[in-house]
Number of protein chains: 2
Amino acid sequence: MNYPRSLQELIDYFKLLPGVGTKTAERYAFAMLDLDEEKLNKFSNILANIKQNISTCPNCGCLTEANNCIICEDESRKKDTICVVENQKNVFIFEKLGVFRTKYHVLGGLISPMDGVNPEDLSIDNLINRIKAEEIKEIILALRPGIEGNTTSLYITKLLEDTDVRVTQIAQGVPIGADMEYLDTLTLEMALENRNEVS
Amino acid sequence: MNYPRSLQELIDYFKLLPGVGTKTAERYAFAMLDLDEEKLNKFSNILANIKQNISTCPNCGCLTEANNCIICEDESRKKDTICVVENQKNVFIFEKLGVFRTKYHVLGGLISPMDGVNPEDLSIDNLINRIKAEEIKEIILALRPGIEGNTTSLYITKLLEDTDVRVTQIAQGVPIGADMEYLDTLTLEMALENRNEVS
């Protein structure tokens with residue numbers, strides 16, 4: 001005996017979630033049967049309308065609820081610096097950590113020819129235009145360390161080498177509180193290469 | 001900066017799924033933004049209607065799509081035997097494994113006074129009624145091994161001790177292919193207690 005058709009369909013939809021296999025999707029679907037009608041309807045509504053309710057700022061690429069971007073319009077942020085990130089989620093992560101007080105620019109990915117992602121697929125032209133239009137003095141590259149992140153950082157740095165724009169990238173090394181037992185070779189190599197004088 | 005309101009709401013709903021914390025819910029919500037409109041609407045529809053489309057058989061407690069239960073109405077199953085299970089999901093698991101060719105009875109839980117689950121909260125009266133009405137000769141208890149499962153099995157056995165109904169339970173022991181390194185004490189104790197002569 002198979003699952004009733006609509007239950008099987010629900011399971012199949014839960015399998016679209018990242019990292020969710022059949023067994024987890026089955027658990028989720030059965031949990032939905034235990035949810036009360038009101039919550040289920042609300043959940044379904046929000047899901048149906050999420051793409052209408054959320055839009056992408058045409059300037060910086062961040063997620064916004066209304067048509068105006070609360071980051072681009074925030075007068076308290078440093079006006080001449082842009083922090084460049086891989087995706088929209090990273091903006092929220094950085095904002096939660098509260099370290100940057102700059103504007104952002106979302107690239108929408110990292111250069112990865114193996115996966116068919118080339119520079120023209122990313123929001124790099126927009127970034128260059130913004131740098132001119134907004135008279136940016138520094139861009140801080142805050143991309144995921146690794147081959148793709150470094151390729152992308154180098155590509156952008158190269159594009160800007162004949163300008164006065166300062167291009168920096170956040171330091172790569174051993175995170176604070178790291179358990180040295182679980183360090184990988186690449187991180188350690190990077191930490192060694194970027195070592196500083198103890199002052 | 002916080003998440004846009006509707007995104008935050010979606011995250012909160014994903015957190016209703018079993019075992020899903022904030023970080024996973026955030027991943028799921030962002031994945032929904034990448035889903036195409038059509039899939040998103042279909043997902044939302046199925047979710048909204050799942051409880052209407054699925055019902056519970058008033059006789060055996062299994063999940064059914066239409067009003068008739070394909071298990072209760074299946075003429076090819078053994079008529080005089082009922083396999084007693086904890087929940088509706090277990091029926092699908094057992095059916096997938098294809099071992100039982102009996103009818104089922106879903107208890108809707110296991111006796112657990114600590115969690116406030118008493119015999120009257122479970123579908124035990126229904127089971128006793130079915131045994132009489134359907135002239136059942138054997139019930140096979142297939143409950144999760146452990147204190148609650150064993151308490152429930154004993155309770156049902158006690159109820160039927162003055163009848164001619166044969167009450168059995170599936171064997172508890174070391175599963176086939178088990179890695180002995182990961183065996184727990186209770187399973188091993190059970191396996192020792194239930195040991196057989198090698199014939």
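**Close-up views of chains A and B in a predicted model**

**View 1. Salt bridges and polar contacts link chain A to chain B.** In this predicted model, K96(B) forms a salt bridge (a side-chain nitrogen of Lys or Arg within 4 Å of a carboxyl oxygen of Asp or Glu) with E26(A), and their closest N and O atoms are 3.1 Å apart. Between chain A and chain B there are 4 salt bridges. Polar contacts, defined as pairs of N or O atoms within 3.5 Å, where within protein one must be able to donate a hydrogen and the other to accept it, and residues adjacent in sequence count only if both atoms are side-chain atoms, join 10 residue pairs across the two chains, both residues at pLDDT 80 or more.

**View 2. The side of chain A that touches chain B.** At least two residues each come from α1 (5-14), α2 (22-34), α3 (37-53), β2 (63-64) and α4 (88-97) of chain A; helices (H or I, at least four residues) and strands (E, at least two) are DSSP runs, numbered from the N terminus. The largest share, 14 residues, is supplied by α3(A). By residue class, this side holds 29 nonpolar (Ala, Val, Leu, Ile, Met, Phe, Trp, Tyr, Cys and Pro), 15 charged (Asp, Glu, Lys and Arg) and 9 polar residues (the others, Gly among them).

**View 3. Extent of the interface between chain A and chain B.** Contact (heavy atoms within 4.5 Å) involves 53 residues of chain A and 53 residues of chain B. The buried area, that is, the accessible area (1.4 Å probe) lost on putting the two parts together, summed over both, is about 5400 Å², with 70% from carbon and sulfur atoms. In chain A, the most area is lost to chain B by M1(A), Y13(A) and L47(A), together 15% of what that side buries.

View 4. β3 (residues 81-85) is joined to β4(A) by 4 bridges, and C83(A) has Y104(A) as its bridge partner in β4(A).

**Notes.** Residues are numbered from 1 along each chain as its sequence is written, and chains are lettered from A and ligands numbered from 1 in the order in which they are written. Local features need pLDDT of at least 70 and side-chain atom pairs pLDDT 80 or more, while totals for chains, interfaces and linings use all residues; side-chain values use heavy atoms, without hydrogens and water.

Methods:
Two strands pair if DSSP finds at least two bridges between them.
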